[in-house]
Each structure stands twice: as C-alpha cells, then as structure tokens.
Amino acid sequence: MEMKISDFNLRHLRAAAAIGHLRSISAAAQAIHISQPAITQGLAKLEAMLGQPLFERRTDGMFATQAGRLLFPRIETALTHIISPRVTMTQLRALIALADAGSYASASNAIGLAQPSLHRAIGDLSVALKRKLVERRGKGVALTEQGKRTARRFRLARSELEAGLSELAALLGHETGRITIGAMPLSRARILPAAVAAFHRNHPDVAINIIEGAFHELIEPLRDGDIDLMIGAMREPSPGPDVAQQQLFDDRPAVIGRKNHPALSSETSLENLAQYPWIIPAGGTPLRAGWQSMFDKKSIPLPQVPIECGSVITIRQILIESDFLTLLSPDQVAVELEAGWLAKVSNISQGYTRNIGVTTRTEWRPTGMQAKFLTFLKKISQAT
C-alpha cells in the first residue's frame, strides 16, 4: 500500500532527523525536549511504517542507513518550512485544505476531517504560531496574508516529505511517485510529449501529471510546490530569486497565416505584413515582446491587433477562417502546416529567438525519478 504523509507524525519525523544529526537517542531527546522512551517508541513506529530501518545501531552511536540519508534532509527542509515544533500533521493538512477549498465545509470533505475538528485544528494552529490565519468575510472565510504565506510554506513542506517517501519507495524497488509538470504553450507541441512518452516506456509505474497553462497561471503553483517544474519560454528578467531557469533550446518563430493567404502572393516584407491584422498574446509574454521588437527595430508602426490570444487551438481556427497573421513556432502548428490548412508566410522573424527552458524553485531538489525525467527532456531537446 502506498505511504501517505498524512499517516505520519511530525514529532516522530523531527525526532528521527535529530537522531540522524546527533547520532544519539539521548542527545536527540534532550535537544528536542521529548523523553527518551517516547523517541525510542516513535522511531520504532516510524521504521515499521516505512518498512526499512533508518539507522544502524552501533556501540558508538546511531548511524543513518541509506534510507535515513535520503529521508533526513527532506525532513529537515520540511521542518524549516513549518517553522514551529508545535505544529501537527493534522494542522498542516487542515490549513492546506482550507486554503485549497476556500471553506470549512469543502475542506472537511476534502480531507475527511469533521468540521468541528477542522475548526479546532486551525484555531490551535493560530495559537501555536501566534498569528491570525483566517478571517471572516461576509458569510465566508478567507486566509489572511499571514495565512496565505503559512499555507505556502506548508505546501512546500508537504512536497519535501512526499519526495522523501517516493525516494524510499524507490529504494525498496517500487518505482512510485508523481511528477507534476506545468506545460506552457510551446512545450506541448513536441518536446514534452516526446519526453513523457520516452520516460513512461522506461518507468511505467511513475505517475505524470501535466497541467497546461500560461506562465502567470503556473508560476504560483510552482512556488507553492504543487508543480515540480515548468517547461516553456523563459522569462527575462527572471521571475525572482526563488525561481531558477535552465535553457533547453532556442526556438525561431515564423509568421503563420491561412493557406492561400494574400500575403503569400506578394512581397513578404515586414512593411507589407504590417498591413494585415494580427492575433498575438497579450503584453507581458516573451512572444508579444519579440513581435513588437521585430517591428520597432525597423521603425515600422505596429500592425493592428484586434484579438489578443495565447491559445494555439483558438489562434489556429481564427487563422484558417480569416486573413489574420500570427507569430508562432512551426512546431506548434506542425499538423496544420502538413495538412495544408495553414502556411508559413515568412521567416522574417529570423532575428528573433525564444529561449525555451525548464523553470523550477531555486531550492528544489529533484527525486531520482524526477532527475531521470529531466535527463530524458534534455536529451530530446538537444536532438531537435
């Protein structure tokens, strides 16, 4: 049966990490203010749940096994996010559930905890952290700013602990776990599908969850730990010090229009193309910035943009039925180009490239399976 972090006691995890650091049950008991018998009992229960020992018991101390060396850094990082030793697993789950669901009733249904117990867990957590986490708004409730920040930290803690359990399962020969990928538009065309297919052939028991969206829709779930990595156009400047970007390849967009577009039968200079209406993503995206720069560099007034859209499916249909032009990677409409529904009007954007890469949290440490997926992704990107 797959282990869940909700089955574990945060005190037991804290005690195990302390023993791993101090190599002594008595020293750990003194450091975290828990009795030695309680720590011994908690460690035995934890190892039984994990199905493998975390320590080698020697006369000169307690030494972490391979399982312990994998798990303890994850526990320590999670506890850093949780901050207070008074927080319980029930309280952690309760706040995340309330943040996700937006009401006590929905949160109660989500985690199977009775509403009175959920109220009590949130109340006790507020006392333990000495901060107001929830406030009334009309007939409903909402997290305060402190509550939102705490929920983010708890999600990151949950992500670390889940990664630790996944690594221990792999150590026992069970390739379990989940990789959650935020897929921005360009990644869906070829690179991501090819990487996922290749990875799945080699690791069929690892679940892959792909969440599609624009950058602004995916960046906060990434920061929360709900998404492990994002793939798509990199941002310049960087979104912030908490986010790391790694380039995979350069993409060269082309001007795309319908088959038999009138621009195909005339000079495809930028000046001529500016006479047609364009459909381009809204401001703030790398593609929009590159499109605008393309015209600015030649001091050509920007064409009309009656429609702003970032959905390739929608753009494709509009192009097929009109004289609109757009700027897209040929990979994104490869099927439509091959079928003859759309045509590459011009390569006039040759001077403009997009950096396509992987975005992660700066402090993210991939599990073994996640690292293997990144290897597949990089190999396929290099082959393009």
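Is Arg152 buried, partly exposed or exposed? Arg152 counts as partly exposed, at 26% relative accessibility. On this scale, buried means under 20% relative accessible area, exposed means over 50%, and partly exposed is in between, with a 1.4 Å probe and protein chains only.

The model is predicted: local features need pLDDT of at least 70, side-chain atom pairs count only at pLDDT 80 or more, and totals for chains, interfaces and linings use all residues. Residues are numbered from 1 along each chain as its sequence is written, and side-chain values use heavy atoms, with hydrogens and water left out.

**Salt bridges**

A salt bridge here is a side-chain nitrogen of Lys or Arg within 4 Å of a carboxyl oxygen of Asp or Glu. The whole structure holds 20 salt bridges. Three of them are listed below.

| Glu160 | Arg74 | 3.2 Å |

The side chains of Glu160 and Arg74 meet in a salt bridge. Because Glu160 belongs to helix H8 (residues 145-171) and Arg74 to helix H4, this pair ties together parts that are 86 residues apart in sequence. Glu160 is buried at a relative accessible area of 8%, and Arg74 is buried at 3%.

Glu220 counts as partly exposed, at 35% relative accessibility.

Asp251 is in strand E8 (residues 243-251) and Arg354 in strand E14 (residues 354-361), 103 residues apart. Both Asp251 and Arg354 are buried. Elsewhere, salt bridges that share partners join Asp100, Arg152, Arg155, Arg158, Glu220, Arg223, Asp224, Asp226 and Asp242 into one network.

Helix H1 (residues 10-22) has 13 residues and should span 18 Å at 1.5 Å a residue, and its end C-alpha atoms are 18 Å apart, which agrees. The expected span is 1.5 Å times one less than the number of residues. Asn9 caps the N-terminal end of H1, with a side-chain oxygen 2.7 Å from the backbone nitrogen of Arg11. After H1 comes Arg23, whose phi is positive, near 60°. The buried residues in H1 include Leu10, Leu13 and Ile19.

His81 lies in helix H4 (residues 66-82). His81 is buried, with a relative accessible area of 14%. Its contacts (heavy atoms within 4.5 Å), leaving aside neighbours within four places in sequence, are Arg153, Leu156 and Ala157.

**Strand E9**

Four of the five residues of strand E9 (residues 254-258) are buried. Strands pair if DSSP finds at least two bridges between them. E9 pairs with strand E12 (residues 326-328) in the antiparallel sense over three bridges, and the bridge partner of Ala254 in E12 is Leu328. E9 also pairs with strand E13 (residues 342-346), in the antiparallel sense over four bridges. In E13, Lys344 stands opposite Ile256.

Methods:
Helix = DSSP H or I, 4+ residues; strand = E, 2+ residues; numbered from the N terminus. Polar contact = N/O pair within 3.5 Å; in protein donor to acceptor, adjacent residues only side chain to side chain.
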